[in-house]
Amino acid sequence: MAGYDVAIVGAGSAGCVLASRLTEDPGCRVVLIEAGPDYRAAHLPADLADGLHGTSTATHDWGLTGVGVSGAPPLALPRGRVTGGSSAVNATFALRGHPADYDGWGLPGWSWDDVLPAFVRLERDLDFAAADHHGGEGPVPIRRYLGGERSRLTAAVEEACVLAGIPRIEDHNSPGAVGVAALPVNCVDGRRISAALAYLEPARDRPNLTIRADCLVREVTLHGGRAVGLSTSDGDRIWAEEVVLAAGAYASPGLLLRSGIGPADDLTALGRGVAVDLPGVGANLGDHPWVSIDLPCPAPDGDPAVFQLVATARSSMAALDAPPDLQLMVCGPYPLGDGFGFSVAAALVKPASRGRLRLVTLDPAAAPHIDLGFFRDGADLPRLLEGLRLADVVTQSGPLPQLTHGTRHGPPHELIRGDAEATAWIRSATNTYHHPVGTCAMGLDPSAGAVVDPDGRVYGVPGLSVVDASVIPELPSANTNIPTIMLAEKIAARRTGAGAEVRRAAVVGRG
């Protein structure tokens with residue numbers, strides 16, 4: 001029976017950060033537990049290394065599905081089942097979001113001014129390292145496709161965006177920037193730099209770090225109301241002074257529920273005794289919905305990255321000082337039929353709607369029931385329709401009509417112009433951007449839905465924390481990988497304070 005100071009469940013974007021930062025103290029013994037396989041950098045499968053062609057979810061996936069829009073077909077909800085988690089299979093978008101995203105949380109220690117140092121600490125920006133709001137020495141390299149690396153398609157779509165009224169900006173990660181610019185990515189020389197490569201690889205041979213891969217955790221072990229360890233699906237026990245769940249917005253709430261921590265009625269219905277009644281576990285599920293316009297394009301020169309450009313904008317319902325609530329995502333060129341195609345997608349990045357995750361069984365291998373709750377709030381669909389119409393204007397601007405020969409694969413212009421037709425199409429065609437958050441939300445009042453306090457500690461359970469995207473209380477106006485890494489960096493540093501001595505039995509890191 002091995003004993004550790006800290007047991008971390010989930011080697012994803014947050015778990016890899018925590019394992020690295022904790023083990024900077026040679027006296028802190030850490031076990032990092034991952035349900036999927038673990039690969040050293042030299043043996044990473046080719047699909048996981050490929051950062052040029054979009055997501056790589058075919059081989060290391062949890063196989064989850066869920067409801068997006070009520071009445072529409074189920075959606076695939078891919079999540080990475082491997083060290084690095086979803087950062088090992090994602091499209092490498094490296095966006096921070098808007099300062100008002102974090103100010104809007106209204107939580108002590110989580111304003112923009114509070115989180116900026118963690119954003120700076122995590123990154124090695126290869127284009128703007130000299131800027132005060134950027135970092136030049138962090139583990140995560142961030143760069144943009146500029147100059148000769150830009151595809152002809154990227155240049156054409158950027159010109160079309162500007163002609164459609166979207167201002168050209170220099171850097172999406174400059175505080176408050178809203179407009180069109182090259183996409184920041186954590187991809188270097190075509191290689192996706194996951195949290196496993198950036199954080200875990202340099203730390204993996206430390207004698208105080210144990211990595212247990214292909215290990216599925218059943219539940220948190222409680223004794224006297226305190227977390228003291230974990231039990232695995234194969235009956236093993238892992239003992240630790242501190243347990244940290246970093247399994248993501250779908251798996252972390254499930255672990256809490258299987259441990260008797262969550263809404264009392266749900267636990268009783270599952271036949272699980274109630275250890276702590278926390279009504280917010282599994283609730284407040286937020287994600288970014290999107291739809292796309294798909295068009296033909298000429299064959300590319302060479303093999304350029306398919307994601308090179310992104311634009312942000314505010315709908316007519318957003319205040320001028322609010323975060324942008326719309327994002328235009330450009331993808332292509334990619335093989336399509338006998339030729340090539342590209343997409344201009346519109347995403348609603350500040351949705352008001354919320355969904356919920358529930359367990360259907362206590363079996364840790366069983367998938368939960370996931371309802372993303374898209375368009376449950378009546379304000380969301382009209383805003384996404386504005387985004388779709390903005391994307392439609394872009395496709396008809398500047399050089400794009402000549403590039404596409406005025407054709408498209410769908411939806412047609414006429415459908416987008418009609419309110420009823422466009423609304424019905426959006427409900428049938430909306431997909432998930434794969435940015436789930438909020439199911440173990442940070443907050444100040446557990447009776448109002450908070451699951452963890454602003455330090456990530458689970459209310460009512462000493463020795464237990466959640467540190468991953470599930471604690472983000474409201475979606476940022478950006479893809480969530482970099483914000484999740486920031487969150488883990490910040491909680492690690494906040495537990496000790498700048499210059500403080502690293503303490504055992506807590507989630508700690510360098511200040």
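**Questions and answers on this structure**

Me: Which residues does the UniProt annotation "domain: Glucose-methanol-choline oxidoreductase N-terminal" cover?
Reply: This is a predicted model, in which local features need pLDDT of at least 70 and side-chain atom pairs count only at pLDDT 80 or more, while totals for chains, interfaces and linings use all residues. Residues are numbered from 1 along each chain as its sequence is written, and side-chain values use heavy atoms, with hydrogens and water left out. UniProt positions are given in this numbering, feature names are shortened, and annotations may be inferred rather than shown by experiment. The annotation, which comes from an unreviewed entry, covers residues 248-262.

Me: How far apart are the end C-alpha atoms over residues 248-262?
Reply: Helices (H or I, at least four residues) and strands (E, at least two) are DSSP runs, numbered from the N terminus. Over residues 248-262 the chain is 73% helix and 13% strand, and the distance between the end C-alpha atoms is 16 Å.

Me: Is Thr-484 buried or exposed?
Reply: Thr-484 belongs to helix 13, which spans residues 481-494. A residue is called buried under 20% relative accessible area, exposed over 50%, and partly exposed in between, using a 1.4 Å probe and protein chains only. Because its relative accessibility is 6%, Thr-484 counts as buried.

Me: Which residue has its backbone oxygen 2.8 Å from a polar atom of the side chain of Thr-484?
Reply: Setting aside neighbours within four places in sequence, Thr-484 is in contact (heavy atoms within 4.5 Å) with residues including Ser-13, Ala-14 and Ile-472. The backbone oxygen that lies 2.8 Å from a polar atom of its side chain belongs to Thr-480.

Me: What is the distance of the polar contact between the side chains of Arg-144 and Asp-125?
Reply: Arg-144 sits in the loop between strand 6 (140-142) and helix 5 (152-163), and since its relative accessibility is 2%, Arg-144 counts as buried. A polar contact is a pair of N or O atoms within 3.5 Å; within protein, one must be able to donate a hydrogen and the other to accept it, and residues adjacent in sequence count only if both atoms are side-chain atoms. The side chain of Arg-144 makes such a contact with the side chain of Asp-127 at 2.9 Å, and its contact with the side chain of Asp-125 is at 2.9 Å.

Me: Which residue stands opposite His-223 in strand 12?
Reply: Two strands pair if DSSP finds at least two bridges between them, and strand 11 (residues 217-223) is joined to strand 12 by six bridges, running antiparallel. These strands form a hairpin with two residues between them, and Gly-224 in the turn has a positive phi of about 60°. The residue of strand 12 that stands opposite His-223 is Arg-226.

Me: Which residue in the turn between strand 12 and strand 13 has a positive phi of about 90°?
Reply: Strand 12 (residues 226-232) is mostly covered, with six of its seven residues buried. Strand 12 also pairs with strand 13 (residues 237-245) in the antiparallel sense over three bridges, and Ser-231 stands opposite Arg-237 there. The two strands form a hairpin with four residues between them, and the turn residue with that phi is Gly-235.

Me: How many disulfides does the structure hold?
Reply: A disulfide is a covalent bond between the sulfur atoms of two cysteines, counted here when the pair of sulfur atoms lies within 2.5 Å. The number of disulfides in the structure is zero.

Me: How far from Cys-28 is the nearest cysteine sulfur?
Reply: Cys-28 counts as buried because its relative accessibility is 0%. Cys-28 is in no disulfide, and the nearest cysteine sulfur, that of Cys-16, lies at a distance of 16 Å.
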